[in-house]
Amino acid sequence: MADIFTNQDKRTKYCGEFTVEDIGKKVSVNGWVQRQRDLGGVIFIDLRDRSGVIQLAFDDNTDKEIFDKAFAIRSEYVLAAKGTVRQRSSVNKNIPTGEIEIAVDELKILSAAHTPPFEVSDNSNVGEETALKYRYIDLRRPAMQRNIMMRHNVARVAREYYYENGFIEIETPMMIKSTPEGARDYLVPSRVHKGSFYALPQSPQIYKQLLMIAGYDRYIQLARCFRDEDLRADRQPEFTQIDLEMSFVTQEDIMEMNEGFIKRLFKEILDVDIPTPMPRLTFKEAMERYGSDKPDTRYAMEITDISDLVKDSDFGVFAGAVANGGSVRCIVAKNAASVLTRKEIDKLTEQAKGIGAKGLAFVRYVDDTPACSFAKFFTEEQLAGILGRIGCEKGDVALFVADKNKVVLPVLGALRQTVAKKLDIIPKGYNFLWITEFPFFEWNEETEHWDAMHHPFTMPMEECLPYLTSDPGSVRAKAYDMVLNGTELLSGSIRITDYELQEKMFEALGLTKEEIDAKFGFLVDAYKYGGPPHGGSGMGLDRLAMIMCEAQSLRDVVAFPKIQNASEPMSQCPAPCDIQALEDLGIMIKEQEAKE
């Protein structure tokens, strides 16, 4: 059987690349039919490929056989067409090729198509479930193609930039030993070693540190990572990070290197100048000012502490919180009284309670005398002092939370985001900043022991080393996050290279000597043979592309994403396995558990 597609059918160039300079040229194009219009004696076909659309024209001068073939063509047919570029009689200013068309004299249908379940258009009102079930059709939409191309360009610029700066791309294993890194591992059973499992990497963390010990002092990888955790708009169970590690460097060197990449990326792809060096906040400053370790700094509404003004008041909620070692803090929404009605404040109160607060006090300054939920406990002079401290004026709304700081700050941080969205005060733009000096440890209420906030290979700040066991909560890490518009984009740290200190850190995290040897013995041993000072980072490529595309979800920049329950509607994975395959792996699924 002869090939349906021949050398003569190959495109001259992509549909969207033709210009008025091509008028008079004989050209070939390939693509999908966006739509066919029969105007009686004249047929127009909009032919689409990843670059855009060009109009094919069939009229009185077209061979009758070709004209009849064009008449039968429908949406999403795949065509090869040949003809002459000419000026359009009716210009379409909405597309780059709107001044020209191709007068077709050869036409081949490469593939007929059923009527698709939805129109391949950015204006099609298709539900997400249907779009993901037919993802291969959804990916034809111009918006999706722009997103996927944006993601490609982010990856391209990353490789070019880091290669130019002396980095070597090295692949690390996809099947590794399961080691604790925060989230659950995805496990892969071994057929050869029955009862034993590989883990899919949550990150290449250990291997890139071993590469530093091996002497590859600048490593880069666009690394696939896997984490079995609950999904959300900016999270997928499998994702890609721009992963790097550098030897003989300081924290400043790593941060400067990553800033250089961001500066080049945004200029090259979006023609946006990102100022560097980027602003910095310590973890403590970020929490106290914004209630978040990844604050969106495109708008103000910072947190104010009024504990000193209310600690001796008759209002037990405020005074009690301060007496118990907590604080009373608030945010002020400027000119918000008309939007934040009492009903809206009640909704915010429920939100605050849902994330840990006991309640929400407020001042709603509409009339000359502000409506204050705690006014009866304060004199006019005291209330005026509070309003003066927080800068609350007529037309404003102030929201107060009183409790331990671990409750007050994140609750106000969440309310700050909610209120900003309600008021629609978040401006366009890209606000980058660094968050530094993270706590090394965080207390785990469920297990009742200290966990590493980043990972256990992070270097503590030298002045904190004496407190590793006596006061873990005060230990700060040489760790840093890059934040963009309220999204954590990058996380990194300087690593521990002293094997004795590494063992001490594991012990501080509650690991026994036996557990250290079983889980990390090979890494501890490696440092005994000479490890250079090093550090690195992992930047979320998908998150970066999502923000640059102004997309609402990672699903918009991932070709074949998972949904909320970590399944994929198109292929319907995960799916049960053949019983023989399970037997080969030494796995048996209990009937009752399978039913559950």
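Trainee: Is Phe315 buried or exposed?
Mentor: Phe315 has a relative accessible area of 13%, so Phe315 is buried. Buried means under 20% relative accessible area, exposed over 50% and partly exposed in between, with a 1.4 Å probe and protein chains only. This is a predicted model, where local features need pLDDT of at least 70, side-chain atom pairs count only at pLDDT 80 or more, and totals for chains, interfaces and linings use all residues. Residues are numbered from 1 along each chain as its sequence is written, and side-chain values use heavy atoms, with hydrogens and water left out.

Trainee: And what about Phe377?
Mentor: Phe377 is partly exposed, at 27% relative accessibility.

Trainee: Why does the pair Phe315 and Phe377 count as stacked?
Mentor: The ring centres of Phe315 and Phe377 are 4.7 Å apart and the planes are at 20 degrees, so the pair is stacked. Rings of Phe, Tyr and Trp (its six-membered ring) pair if their centres lie within 6.5 Å; planes under 30 degrees apart count as stacked, over 60 as edge-to-face and the rest as tilted.

Trainee: Which residues form one aromatic cluster?
Mentor: Phe315, Phe318, Phe374, Phe377, Phe378 and Phe400 do.

Trainee: Changing topic, how many aromatic pairs does the structure hold?
Mentor: There are 21 aromatic pairs in the structure. One of them is Phe266 with Tyr430: the ring centres are 5.0 Å apart and the planes are at 70 degrees, so this pair is edge-to-face.
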